[in-house]
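Q: I would like to learn how to read a protein model step by step. Could you take me through a few features, giving the general idea and then the case at hand?

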Amino acid sequence: MSKLSRLDFIRYSALGAASTLIVPRSLSAANAPKKAKKGDANDKINIGFIGLGQQAINLMNGFISLDEVRVVAGADVYDIKRNRFEQRVNKYYADKGIKNKLDIYIDYQEILARPDIDAVVIATPDHWHAIMAIDACKAGKDVYLEKPLTFTIYEGQQLVKAVRENNRVLQVGSMQRSLSEFKHAANVVREGLLGKVSLMKSHVGDGPAPYTLPKQEVPAGLDWDKWLGPLADTWHYNHELNPLLDKNGRDECWGAWRWYHGLGGGFTTDWGAHMFDIGQWAIGKDGSGPVEIMAPESSPYDCLTYRYDNGIEMTQQKFDGEKKGIKIYGENGWIQVCRGEYLASSPELLPDKSVRENAVYETNIAHYKNFIDCIRSRRDPVVPVEVGHSSCTVCNLGNVAYDLKRTVKWNPIVQKFVNDPEATKLLHYEYRKPYTLG
């Protein structure tokens with residue numbers, strides 16, 4: 001299996017990770033930086049969207065508002081999602097008086113084959129992330145990839161390799177890192193204002209549940225076989241996995257695939273990719289990870305618990321009702337950050353009111369703009385692939401401990417379980433033919 005070197009981990013645990021320059025292998029069209037020239041018809045970044053569900057609509061609403069971006073393509077296996085995306089994009093440009101040609105596809109490979117497309121936004125179910133992102137890298141496209149980065153740890157290892165071998169820019173959709181309250185929380189810890197940190201309580205929710213939705217007939221407009229992709233074809237369809245649209249044109253629910261074992265990672269990966277990510281960032285463990293992962297059955301806290309080599313522990317447990325967020329305890333006090341809320345044990349740990357913001361979390365313009373800027377500069381974005389991989393690995397390690405109902409030990413330097421063949425088998429799963437990782 002591919003593994004990062006020790007120097008890679010040191011490099012990406014540093015604060016300066018986002019400034020790393022991506023040096024193109026050549027000055028071919030696929031690798032050369034795209035320079036903005038005002039007034040030039042070619043100064044736009046052409047983007048194609050892969051996966052057109054509700055999260056893609058949120059992302060599109062952000063990206064399309066950037067003047068230097070043109071949304072020129074979309075692909076999805078469900079006709080109602082394709083139709084909605086087409087209508088909304090075309091209406092936006094028509095209302096703005098902007099001439100724009102949008103093409104809609106079923107097969108994402110048709111987007112990757114277009115030389116005029118600079119980058120893709122991937123917002124599919126998690127089991128498609130790695131295959132599509134690796135294909136995009138090999139096709140010379142830069143990638144905005146929704147969190148969690150990949151479905152399995154092995155997929156993440158291979159995606160890191162593909163991004164670097166093909167000199168691509170990849171931004172992970174961990175948009176909390178571009179928001180002031182979360183940046184302040186990380187800085188408070190990293191600057192030592194809490195003193196020595198001992199515990200982080202991160203409320204993300206439980207792991208995946210058994211798939212219990214009843215079998216339903218696949219609608220005529222959905223290519224269910226393509227939706228499954230590398231998953232076994234024994235999974236049956238239920239409309240909650242790929243939701244219908246309500247009267248307002250929104251998905252009637254978030255795709256329920258995320259809550260079920262074998263289809264998604266439960267809250268562990270869905271919200272863990274946000275809140276565990278902030279914990280890793282705060283304690284300087286980007287590109288690294290915990291060394292011990294305890295299931296509730298073996299944890300002193302009776303909940304999923306991560307232990308790092310410096311003694312810090314991070315738990316999955318509630319700390320303030322049902323709010324998703326993270327509470328970090330140090331010898332000098334504590335801080336608590338949730339979306340739209342920042343609390344602390346003393347006033348000096350609070351952010352200045354002048355830098356607080358009312359964020360629309362699913363349409364984070366700053367995070368998208370950072371990606372576009374990095375396409376031009378060829379520098380790593382705020383959340384590069386190695387950071388997304390290490391945070392995603394933490395989530396997947398938690399689900400391995402849940403599955404085995406015991407403690408597992410992990411070596412984050414070589415990315416292997418320590419003397420644990422049973423856990424090692426859970427690094428990946430067997431794709432159905434003909435699907436492969438590139």
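Q: Among contacts between residues at least 6 apart in sequence, what percentage join residues at least 24 apart?
A: In this predicted model, 72% of the contacts between residues at least 6 apart in sequence join residues that are at least 24 apart. The protein holds 13 helices and 15 strands, and of its 438 residues 58% count as buried.

Q: Why is helix 2 described as largely enclosed by the rest of the structure?
A: One counts the buried residues, taking buried to mean under 20% relative accessible area. Helix 2 covers residues 54-63, and because 9 of its 10 residues are buried, the helix is largely enclosed by the rest of the structure. Among the buried ones are Gln54, Ile57, Leu59, Met60 and Phe63. The elements that cover these buried residues include strand 1 (45-50), strand 2 (69-75), helix 3 (79-96) and helix 11 (365-377).

Q: Is His127 buried or exposed?
A: The same cut-off can be applied to a single residue. His127 has 0% relative accessibility, so it counts as buried, although this residue is found in a loop, the one between strand 4 and helix 5.

Q: What does the side chain of His127 reach?
A: The side chain of His127 reaches the backbone oxygen of Trp227 at 2.8 Å. Leaving aside residues up to four places away in sequence, His127 touches several others, including Phe151, Glu155, Leu263 and Tyr429.

Q: How are two packed helices described?
A: They are described by the angle between their axes and the distance between the axes. Here, the axes of helix 10 (residues 272-282) and helix 12 (residues 385-404) come within 9 Å and cross at roughly 110 degrees. Since angles of 65 to 115 degrees count as roughly perpendicular, helix 10 and helix 12 are therefore roughly perpendicular to each other, and their crossing is right-handed.

Q: Which residues make the contact between these two helices?
A: Helix 10 contributes Gly272, Ala273, Phe276, Asp277 and Gln280, while helix 12 contributes Val387, Ser390, Ser391, Val394 and Cys395.

Definitions and conventions: Residues numbered from 1 in each chain as written. Predicted model: local features only at pLDDT ≥ 70, side-chain atom pairs only at ≥ 80, totals over all residues. Heavy atoms only, no water. Buried < 20%, exposed > 50% of the residue type's maximum accessible area, 1.4 Å probe, protein only. Helix = DSSP H or I, 4+ residues; strand = E, 2+ residues; numbered from the N terminus. Contact = heavy atoms within 4.5 Å. Polar contact = N/O pair within 3.5 Å; in protein donor to acceptor, adjacent residues only side chain to side chain. Axes fitted to C-alpha atoms, helices over the stretch in contact; angles between N-to-C directions. Parallel < 35°, antiparallel > 145°, perpendicular 65-115°, else oblique. Left-handed = near helix turned anticlockwise from the far one by under 90°.
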